[in-house]
Amino acid sequence: MSTAERAALDLDSLRAEFPALARRVGGRPVAYFDGPGGSQVPRAVIDAMAAYLERSNANAGGAFASSRETDALLADAHQAVAELVGAEAGEIAFGANMTTLNFLLTHALARTLEPGDEVVVTQLDHDANVSPWFRAAEDRGLVIRVAPIDTADGSLDIEALEALIGERTRVVAYTLASNALGNVPDAARIAAAAHEVGALAWADGVHMAPHRRLDRKALGADVLLCSPYKFFGPHLGLAAIRRDLAESLPADRLRAADAHPPGHRFETGTLSHEALAGIVAAIDYIAGLGGPDGDRPARLDGAFEAIRAHEEQLTLRFLAALADIDAVHLHGIADPARVGERTPTFLLSVEGRAPAAVAAKLGDRGMFTWDGHFYAVGPVKALGLLPDGALRVGFLHYTTAGEVDDLAAALAEIAA
């Protein structure tokens, strides 16, 4: 029996762990298709955050019980995240959110670069892994090169990206999965192309994190960015930064601050300790989906195998339904044979209907979706969808086949 079979998802049981899934709007049960913008959280995360504030709320480094408990929590949070993303505990840095943390890191790296040095970004990315590089370019005289997408299906043109990489390339910034289209590029190939010229591979793993197992080392990423509120945790940002790189970059810190604190030198000031308690609980929740036996990394492997299997079935179900609705257009990979090249996130346009109007009609039915560009300005613009953008729906591991069917039926009715 495979790991995925042993850890097959029990939807009734896992959905019962998410209080938000019991919500009703206008008498209708809510279906959360807004996961690409943020997931719901299990009761264990809520309880862990409340418990920290009730019993252990203190700053770190003190000679008393609640402070020592906070020290232990900080160590546990760094270790748990390291096991989630295939890194070492000393490589993990927390910040207010992924965007803020990435601005901090790109600023630090830019201070080591020279005018004329080049950074390659992509049209597929969320702007949080694009705008910081344009800001750095303005400050340091860098050259930004943008790798295009294929507008036929939104896939990143890897060959075009590789052609942009040259001897002056210092960074290649890319996404592991598009938060707008769901498309998954060949991240290992991108990292290898960057490393071939001595450039850094700078990966945005935010959208991928709830769908597939991340592994900084296996992916070849020198920096891997992520957001816990996308994988059933609280609002916070994190980065896994290759240890020798993190130790060599100039970090902005207070004069009295330890240059090598127990956490990470790119963590400034006091962190949201209650959020860190929530992150540990979220990771342990995911690991629990992989079964009760084995260490945390092994259980995470099993959990993500089961998550991927479930989500791919939902994807195939939705793609089949969309194929029968002529007035609904999918931007992105529609071929069921390529289900492994996408996450269960879908960018849609409904003929004759504004995206905001469609989202509102779905919202009235208790179906929560997003409309606009979702800060993925590059792909949405390249596909000619601005200024209104498109409708985005996404599934997570707690999404049911019935919810997918109801969404497809609602879209067909709205499009008629």
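**Ground rules.** I number residues from 1 along each chain as its sequence is written, and I leave hydrogens and water out of side-chain values, which use heavy atoms. Because the model is predicted, local features need pLDDT of at least 70 and side-chain atom pairs count only at pLDDT 80 or more, while totals for chains, interfaces and linings use all residues.

**Entry 1, backbone.** I then looked up the bond between leucine 386 and proline 387, and found it to be cis, with an omega of about 10°. Proline 387 lies in the loop between helix 14 (377-382) and strand 17 (390-394); here helices (H or I, at least four residues) and strands (E, at least two) are DSSP runs, numbered from the N terminus.

I next looked up phenylalanine 232, which is not a glycine and yet has a positive phi of about 75°. This residue sits in the loop between strand 11 (223-226) and strand 12 (237-241), and at 1% relative accessibility it counts as buried (buried means under 20% relative accessible area, exposed over 50%, partly exposed in between, with a 1.4 Å probe and protein chains only). Phenylalanine 374 also has a positive phi, of about 60°; it is found in the loop between strand 16 (370-372) and helix 14, and is buried with a relative accessible area of 9%.

I looked up helix 3 (residues 43-55) and helix 11 (residues 273-288), which pack at an angle of about 145° with their axes 8 Å apart; axes are lines fitted to C-alpha atoms, for helices over the stretch in contact, and angles run from 0 to 180 degrees between N-to-C directions. The contact (heavy atoms within 4.5 Å) includes Ala44, Met49 and Tyr52 of helix 3 and His273, Gly278 and Ala282 of helix 11.

I found that the structure holds two cavities of 30 Å³ or more. On a 1 Å grid over the protein atoms alone, a cavity is a set of points where a 1.4 Å probe fits but cannot get out, and lining residues have an atom within 4 Å of a point; a volume is the space filled by probe spheres set on the points, which are joined across faces, edges and corners. The largest cavity has a volume of about 70 Å³, and among the residues lining it are His211, Arg212, Glu311 and Arg342.

Note on methods
On a 1 Å grid over the protein atoms alone, a cavity is a set of points where a 1.4 Å probe fits but cannot get out, and a pocket is an open set with protein on both sides within 12 Å along at least five of seven lines; lining residues have an atom within 4 Å of a point.
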